[in-house]
Amino acid sequence: MSEPLEDEFGREVTGVRISLTDRCNFDCVYCHNEGLGDTRGPMEPADDEMTADEVVRFLEVVEEFGVEAVKFTGGEPMLRADLEEIIRCTPDSMEVSLTTNGTFLRGRAEGLQEAGLERVNVSQDALDPEQFAAVTKSGAYEAVLDGVEAALAAGLAPVKLNMVVFEQTAGYVEGMVEHVAANEGLQLQLIEYMPELTGRPEWNIDIQRVHDWLADIADRVEHREMHDRKRYWVSSTDPDSGNLGDCGMVEIVDPVENPTFCANCHRVRVTHEGYLKGCLNRNDDLRSMGEMSRQEIREAFRAVVDNRVPYYGEYLVEGDDGEWELNEEYIGA
Ligand SMILES: Nc1nc2c(ncn2[C@@H]2O[C@H](COP(=O)(O)OP(=O)(O)OP(=O)(O)O)[C@@H](O)[C@H]2O)c(=O)[nH]1
Ligand SMILES: C[S@@+](CC[C@H](N)C(=O)[O-])C[C@H]1O[C@@H](n2cnc3c(N)ncnc32)[C@H](O)[C@@H]1O
Ligand code: SF4
Ligand code: SF4
């Protein structure tokens, strides 16, 4: 295995995020669908999706380039019946993780773990079924809770709960933090609502206030190398907590207008149709892998890494008035 490829901005590419489908059984009000448009549509297998063989071939090739980790996402990646097969055939050297809405984990978590899944993130924006339904437009609340339990029972702890923090959910943050502090095996990822692909900037909240509040109550704070994300370790305040004395981990994902986040971005994305994508927020840098021969994959991967640009701080630059503007250098590039 060679050293990871590095882009022009000194960022090594050590991870890939593969969208296995853009179909989904939810219709979350905030969904960016990894930058690929609407998730609504037929639930049947779609013809435009990469096959399991293509996904595995891609992974075998990027392993040669020092890629150490793969995240399977979507749409809802668990709509793929061949997810277990894909994971089983993923190169052993790679850390394999999954981001899912959790609906289908019950009954499949164990098989996924046996196939080689190491970590799972489950989206959960609220602890109340009605609030959950209002955000996701789905009645699958109980299935998601069962899915989290199934993942823990299958040995996939810690399970990270993903919560998008925006106007509608800001009031649920405190309860979710207590929930992971009080329950062993759970962690929480608070994701700043990203309006770049979905519009509705008025839904944004001031994520710094969440940082400040967590810094106040946390026992310990650390930085993660990826994106320079902050992690807070918080104890439960509930005397009946089954997790007394232990801490829950809460990580903040705050990419919006954050050049430090982009300067520490080490991943390339792959769309369900088999296009490479250098940045979540851009669709003007999609690169085809053609018929997906090993040589075509190698060439396209090198090219996408060469063209990677930090979104905030370079692709968008901050003007004197504090507004973010498209860098002229990339217009028409
Ligand atoms: N702008 C931006 N947002 C990201 C990036 N990575 C993750 N996010 C946001 O965080 C959401 C949740 O990411 P996940 O798929 O759960 O995984 P992760 O947090 O990237 O990875 P792990 O914590 O290692 O599991 C994404 O859908 C995005 O909204 C990134 O590279 N850029
Ligand atoms: C696009 S979903 C795909 C995987 C799976 N369907 C799920 O919901 O976990 C991946 C993650 O993106 C997050 N997400 C979607 N739209 C977002 C937005 N506009 N801002 C921030 N995070 C968003 C979701 O909460 C979820 O955790
Ligand atoms: S479950 Fe995931 S892919 Fe589906 S709508 Fe919600 S955030 Fe989007
Ligand atoms: S460069 Fe793009 S993908 Fe990477 S952190 Fe910034 S916005 Fe996200």
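Where is the place of Cys-24? I found Cys-24 in the loop between β1 (15-19) and α1 (52-64); helices (H or I, at least four residues) and strands (E, at least two) are DSSP runs, numbered from the N terminus.

A note on ground rules before I go on. I am working with a predicted model, where local features need pLDDT of at least 70, side-chain atom pairs count only at pLDDT 80 or more, and totals for chains, interfaces and linings use all residues. Residues are numbered from 1 along each chain as its sequence is written, while chains are lettered from A and ligands numbered from 1 in the order in which they are written.

**Entry: the cysteines.** I looked up Cys-31 too, and the loop between β1 and α1 holds it. Is Cys-24 buried or exposed? Cys-24 is buried because 24 other C-beta atoms lie within 10 Å. Cys-31 is also buried, with 20 other C-beta atoms within 10 Å. My cut-offs: buried takes 20 or more other C-beta atoms within 10 Å of the residue's own, exposed 12 or fewer, and partly exposed lies in between, with C-beta atoms placed from the backbone. The UniProt record (unreviewed entry) puts a "binding site" at Cys-24, Cys-28 and Cys-31; such annotations may be inferred rather than shown by experiment, and the positions follow the numbering used here, with feature names shortened.

**Entry: ligand 3.** I counted in 13 surrounding residues, and the closest are Cys-24, Phe-26, Cys-28, Cys-31 and Asn-101. A residue is near a molecule if its C-beta atom, placed from the backbone, lies within 6 Å of it. The shell divides into 4 nonpolar, 7 polar and 2 charged residues. Here Ala, Val, Leu, Ile, Met, Phe, Trp, Tyr, Cys and Pro count as nonpolar, Asp, Glu, Lys and Arg as charged, and the others, Gly among them, as polar.

**Entry: ligand 2.** This one has 19 residues around it, the closest being His-32, Asn-101, Ser-123, Asn-162 and Met-194. β3 (95-100) and β5 (159-165) are the elements that give two or more residues to this shell. I noted 7 nonpolar, 10 polar and 2 charged residues there.

**Entry: ligand 4.** Its surroundings include His-227, Cys-262, Cys-265 and Cys-279. How many charged residues does the shell around ligand 4 have? It has no charged residues, with 8 nonpolar and 2 polar.

**Entry: the hairpin.** I followed His-227 to the turn of the hairpin formed by β7 and β8, where it has a positive phi of about 65°. There are 6 residues between the two strands.

Conventions
Two strands pair if DSSP finds at least two bridges between them.
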